[in-house]
Amino acid sequence: MIGIVVVSHSEKLAQGVLELASQMTRGAVPMQAVGGIDDPDNPIGTDPMQVLAAIEAVAATADDGVLVLMDLGSALLSAETALDFLDETVRAKVLLCSAPVVEGTVAAAVQATVGASLAQASAEARAALGVKIAQLAPLTGEAPETPSPAGAPAPVAPAAGQERTLALRIANKNGLHARPAAALVATAGRFAADIVVRKGEAAASAKSINQVALLGIKRGDDIIIAAAGPDAEAALAAIAALHADHFGERDEDVAEAPAAPPTAPQPAGDGVLAGAPASAGPAVGPAHVHRAGLPEITRRETDDPAREIARLDAALAQARAELEALSHRAARASDKAAAGIFEVHALLLGDDDLRRAAVARIEAEKVEAAYAWNAVMEETAAAYRKLSDGYMQARAADVLDSGTRVLRLLTGETAAPIRLARPSILVVGELSPSEAAGLDPALVLGIAAEAGGATAHAAILARSLGIPAVVGLGQGLRTVVQGQMLVLDGQAGTVLTAPDDAACRAAQDKRRAWTAAREAARAKGTAPAATRDGTVIPVMANIGGPADAARALTAGADGVGLFRTEFLFLERESAPSEDEQYAAYVAAAEAMAGRPVIIRTLDIGGDKPVAYLDTPREDNPFLGQRGARFCLARPALLRTQLRALWRAAAGRDIWIMYPMISDVAELRAVLAAQEAARRELAGEGIDVPAKVKTGIMIEVPAAAAMADKLAGLCDFLSIGTNDLTQYVMAADRGNPAVAGLCDSLHPAVLRLIARTCQAGAAAGIEVGMCGELAGEAKAAPLLLGLGLVELSMSAGLVPEVKEAVRGANLAACRALAQKALACDTAGEVRALLG
Ligand code: PEP
Ligand code: MG
């Protein structure tokens, strides 16, 4: 593969370009950015020696040469000078490219992923500006240049008669814009077949990012993929899978239904309300009308503005802390949609402009914080609503939701919770994301909302919960009264407010068929996952509390592979008592109906401070007192948890697991504490089992290195790839700047996984995995080949991983693992997985 060096006068610009290109190519292409000079007073400039070093570094891993893209002026000179200093053999494989730096780098990087030569990648890079000119031509009136990159595959039709075709409708909100187009090109590039994308009369090579971009494929467009060649069928299957995965875009970037223009709200009267389809599916049932309302805010003056400002700051800080905890929790449960939404809300509250505006009001008008904050929040939401872009309008709901959280803290008024006594269709003014996140799909048959848009965060959450929803139904919905029968169609975006018997019956039938289809898909998920050669692999779920256990069971999990107990400790004023913990552990085990439940002791520390636990501030919290280290330093806390665990384990298949174990002494110490707790309980005459299966997480490189010793002391190992990867690669798992390095498929991480599996097998104990990598269905054959015998992931991913296991053959998996272990980079491993 070729590599890329980006040279700019500005380090930030060079890094930014690199980040953009890496994001599109998932870090598969060796790239380096060089920018700025080593002069703090005047950092803008270019340094030939830095360019030289970057080219040498990239050339070391890029066998097919290095393409250098530069911004302007001295960047070109520096690159040329660097060439003069290069060793002759390296210089022969370096090409300076005249393309514009941003468009060119992205185009060249995408082409690199499909094995383009230096000349081909350079030609695509140069043609990228033509794509932009053509796309803007209708607005600028400039003559569109149709780029025909030399060396790029021509958009010729595959030989008629031999071609196979695939018809696709594009659901991505922004069509096949740069990122999804890059994903399509990367997938097509893995196959030898000639692959063409057709939109109407126009055709493009699926292996050229520029040609695909020039087709201007939009949401709702129908396209044909035609392929001819020995692997044409496999290529079309891969593209079909990519399309089903929305070209790698997140849920919120994808429209559920085809691009139907949102219908304007209609008043009730003829018994039909039309709104925006927000979550597909039919529902029929009585209305549950919920009118939450905002806290009552009256204008009250104050004689102490400083005190009001301090109250506002405290409320803002607490609201942000609550949102960050919610985001953290969602992220750990792999609910990316919810995690992202709460993160956005926390960011909104961190916007200094909002605070400044509220403070100015408090000071100028001498009013209480609640009044000032409410006014600023309403003004900001109104400003969003006025924007012409529908997506931006929908952000008004986010401002109000996050802002109301602050208002409630200021007024002490709590929100009236949504409580449904029986299965009903929820009728609301506008559902907030916080409310949507708490809905129970067993009781909420559907959601009908007066306001809101299909891209609002509440709608995204409804989709992820599988609850049919129609939003933006307008004021006509206000005529609906408690218990009134409704028929809702989340696909069409309609609500019947006076359905007759026939309409109700038809809707019931539709709902039954819809539910049956969903259940059939789930049922397949609950069957055990055995490889083609008959080895059954338990596929378990990661949970954060007993409520998640029920969801795990429905998703078909064979047990719980990781119960993150820290969630029992977050968002409260004091630690849960032994009895509270006992109740939670029992509830999770009972919900799993006899399946094993692996409960991890408290994994908390400097990175997740909990005020009442007196967590010290640390300079390097990830390298500080985390997990087992934290608990060993607080014996009373550990003792309470262990007592609760022993009690819950009586008569239940509960296993105990310790996080962040770094060495044998630590493991001995927790085992001693565990045994002491057992004896204590037995001495009190409390029913405890003689033994409980006990294991540790392997998430510190030292533990992987010492896995043979540790395996001799416990009953199972579970690999936590999230932490293991960040510690092995020295790349913070939460830092986007090093996300490319923090890849669990890096051969360095795989080698430690293989080593751990070998140690477990030699000691005769099971080795499982509960880090995020276990949920990557594509990686399942590799993981089985490395020797893992159990996989645990977020519940939603269980069915796909089970399917992947069912398709695997252990002998082939082992061969694949050997190949992966011999790879140089994570990109190469990904390429192996297809
Ligand atoms: C891990 O580190 O892989 C893991 C599962 O633990 P957590 O994500 O809770 O740190
Ligand atoms: Mg961890």
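The tour below goes from the cavities to the ligand and then to the residues around it.

Before we set off, keep in mind that this is a predicted model.

**Stop 1: the cavities.** Start with the whole structure on screen. A search through all of it turns up three cavities of 30 Å³ or more. We're heading for the second largest cavity, which has a volume of about 70 Å³.

**Stop 2: the lining.** Now select R564, R600, E699, N722 and D723. Of the 12 residues that line the second largest cavity, these lie nearest its centre. What classes do the lining residues fall into: nonpolar, polar or charged? Seven are charged, three are polar and two are nonpolar.

**Stop 3: the neighbours.** Show the residues around ligand 1; there are 15 of them. The ones that come nearest are R564, R600, G720, N722 and R733. Colour this shell by class and you'll get eight charged, four polar and three nonpolar residues.

**Stop 4: helix and strand.** Which elements each supply at least two residues of the shell around ligand 1? Select β18 (560-564) and α25 (721-729) to see them. α25 gives the most, with three residues.

- R564: a polar atom of its side chain lies 2.8 Å from an oxygen atom of ligand 1.
- D723: an N or O atom in its side chain is 3.0 Å from an oxygen atom of ligand 1.
- G720: here it's a polar backbone atom, 3.3 Å from an oxygen atom of ligand 1.

How much of the area that ligand 1 exposes when taken alone does the protein bury? On its own, ligand 1 exposes 290 Å², and the protein buries 100% of that.

Conventions: Residues are numbered from 1 along each chain as its sequence is written. Chains are lettered from A and ligands numbered from 1 in the order in which they are written. This is a predicted model: local features need pLDDT of at least 70, side-chain atom pairs count only at pLDDT 80 or more; totals for chains, interfaces and linings use all residues. Side-chain values use heavy atoms; hydrogens and water are left out. On a 1 Å grid over the protein atoms alone, a cavity is a set of points where a 1.4 Å probe fits but cannot get out, and a pocket is an open set with protein on both sides within 12 Å along at least five of seven lines; lining residues have an atom within 4 Å of a point. Grid points are joined across faces, edges and corners, and a volume is the space filled by probe spheres set on the points. Ala, Val, Leu, Ile, Met, Phe, Trp, Tyr, Cys and Pro count as nonpolar, Asp, Glu, Lys and Arg as charged, and the others, Gly among them, as polar. A residue is near a molecule or strand if one of its heavy atoms lies within 4 Å of it. A polar contact is a pair of N or O atoms within 3.5 Å; within protein, one must be able to donate a hydrogen and the other to accept it, and residues adjacent in sequence count only if both atoms are side-chain atoms. Accessible areas come from the Shrake-Rupley method with a 1.4 Å probe; for residues, only the protein chains shown count as cover. Helices (H or I, at least four residues) and strands (E, at least two) are DSSP runs, numbered from the N terminus.
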